[in-house]
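Visitor: I am new to this protein. Please show me how to read it, one feature at a time.

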Amino acid sequence: MKTTLPLPNGVESLFGTRDENLRLLEQGFGVRLDVCAEGLNVEGEEAAVARVSQIVNDFGELVRQGHVFGNGDLNGYLRVMAGDAEVRLRSLVESGKQRSFGKKMLAPKTVNQRRYMEAIERNDMVFGIGPAGTGKTYLAVAMAVSALLGKKVSRIILTRPAVEAGERLGFLPGTLQEKIDPYLRPLYDALFDMLESERVEKLIERNTIEIAPIAFMRGRTLNDAFIIIDEAQNATREQMKMILTRLGFNSKMVITGDLTQIDLPGQMRSGLLEVTDVLRGVPGITFVPFTDVDVVRHSLVQKIVQAYERYNELNGTGRQLALRLEETAAHPTVTPPVSEVSN
């Protein structure tokens, strides 16, 4: 089947950098695309042509209504639609508008990002495990801000291990807090991207947003809170058990990490590596694995991740980890939570 679609306004966003979106449409939906004087020729199976036509028409309608597609937005949406035949471009864009992320309007850019955000909405404890650049921390912070602004929780708690990578805390100048801040900077960056800096500072002053190392969580019960444990691969077994058991009433906890970037010294075992076995099958807990396909940073980041995976496969160092993550992906734990913050 072959059809010709009129080119909508905003063809630069539709085509993407170096026509990458057109190539993604061809590869993801099994069609052939050609630009001609009359518009965009679409050739392929009837269902595939209809799907691509729907996407282009939705794009044109959204642009006419004033929606602006930011750099890489459409590419991300296309990846989601290529993996899920039921999703429409309009529904993806509108779902991002329905959630309040402060000054940001976000929508998932990959299938796994969508599963991750839905899992956070449905479950009280979610593990996002995968390589750098997949949006694990950023989306978790966005969901936390959304919950806070929607008055579903009364505070946000962001924490991560202060693991030394190449230099010791004692070498850094300043007070203990000033020594710790560099380890927590990625969390600050994500917050400042969601909210105005003055508002973030006021929320931190009031302890509505708390950012601290995992060690500061011992002995506490975290009620009515959205808790994010970032870089959890660098938490020890003892720290992981301690922080997971801080979860209180009407709270959500999201744990993120990359099992290929463990910086723990010596023979210390990663608590995140262990917890994938310990908690699999526990009601109310969901594991969402990410892969290099979900990398949404510069295209080179995806290639770097793939190169390291190939290297680990050749050297046998990543095989056990890969099998474990594949098993987790094949048997995800998505169960009704005990309590819903989103209620």
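Visitor: Let me begin with a single residue. In which helix does F29 lie?

Guide: F29 lies in helix α2, which covers residues 20–29. Keep in mind that this is a predicted model.

Visitor: Is F29 buried or exposed?

Guide: Look at the relative accessible area, with under 20% as the cut-off for buried. F29 has 13% relative accessibility, so F29 counts as buried.

Visitor: Which residues is F29 in contact with, beyond its neighbours within four places in sequence?

Guide: The contacts are L24, A48, R51, V52, I55, L78, M81 and A82. Distance along the chain and distance in space are separate things to read. F29 and V49 are 20 residues apart in sequence, and their C-alpha atoms are 8.2 Å apart in space.

Visitor: L78 and M81 were on that contact list. Which residues of α4 are buried?

Guide: They are D73, L74, N75, G76, Y77, L78, V80 and M81. Helix α4 runs over residues 73–83, and eight of its eleven residues are buried, so the helix is largely enclosed by the rest of the structure.

Visitor: Now to charges. Why would two side chains pair?

Guide: Side chains of opposite charge can pair when their charged atoms come close. A search of the whole structure finds ten salt bridges.

Visitor: Which residue does R64 form a salt bridge with?

Guide: The partner is E61, and the closest N and O atoms are 2.6 Å apart. Both residues lie in helix α3, residues 46–64. They sit three residues apart, about one turn of the helix. R64 is exposed, with a relative accessible area of 57%. E61 is partly exposed, at 28%.

Visitor: What does R160 pair with?

Guide: R160 forms a salt bridge with E231, with 3.2 Å between the closest N and O atoms. R160 lies in strand β5 (residues 155–160), while E231 lies in the loop between β7 (225–229) and α10 (237–244), so the pair ties together parts that are 71 residues apart in sequence. R160 is buried, with a relative accessible area of 9%. E231 is partly exposed, with 27%. Salt bridges that share partners join R160, D230 and E231 into one network.

Visitor: How far apart are the closest N and O atoms of R32 and D34?

Guide: They are 3.2 Å apart, and the two residues form a salt bridge. D34 counts as partly exposed, at 32% relative accessibility.

Visitor: Where do negative charges gather on the surface?

Guide: Look at E196, E198, E201 and E205, which gather in a patch of negative charge. Take E205 as one of them. E205 is in helix α9, residues 197–205. E205 is exposed, with a relative accessible area of 65%.

Visitor: Let us step back. How many helices and strands does the protein have?

Guide: The secondary structure comes to 13 helices and nine strands. Of the 343 residues, 50% count as buried.

Visitor: What part of the accessible surface belongs to carbon and sulfur atoms?

Guide: The accessible surface comes to about 17,300 Å², and 50% of that belongs to carbon and sulfur atoms.

Visitor: And what share of the contacts with a separation of 6 or more joins residues 24 or more positions apart?

Guide: The share is 75%. R160 and E231 are a pair to revisit here, since they lie in parts that are 71 residues apart in sequence.

Conventions. Residues are numbered from 1 along each chain as its sequence is written. This is a predicted model: local features need pLDDT of at least 70, side-chain atom pairs count only at pLDDT 80 or more; totals for chains, interfaces and linings use all residues. Side-chain values use heavy atoms; hydrogens and water are left out. Buried means under 20% relative accessible area, exposed over 50%, partly exposed in between (1.4 Å probe, protein chains only). Helices (H or I, at least four residues) and strands (E, at least two) are DSSP runs, numbered from the N terminus. Patches are made of residues with over 30% relative accessible area and no salt bridge: like charges are joined within 9 Å, nonpolar side chains (Val, Leu, Ile, Met, Phe, Trp, Tyr) within 5 Å. Accessible areas come from the Shrake-Rupley method with a 1.4 Å probe; for residues, only the protein chains shown count as cover. A salt bridge is a side-chain nitrogen of Lys or Arg within 4 Å of a carboxyl oxygen of Asp or Glu. Lys and Arg count as positive and Asp and Glu as negative; His and the chain ends are not counted. The place of a charge is taken as NZ of Lys, CZ of Arg, CG of Asp or CD of Glu. Contact means heavy atoms within 4.5 Å.
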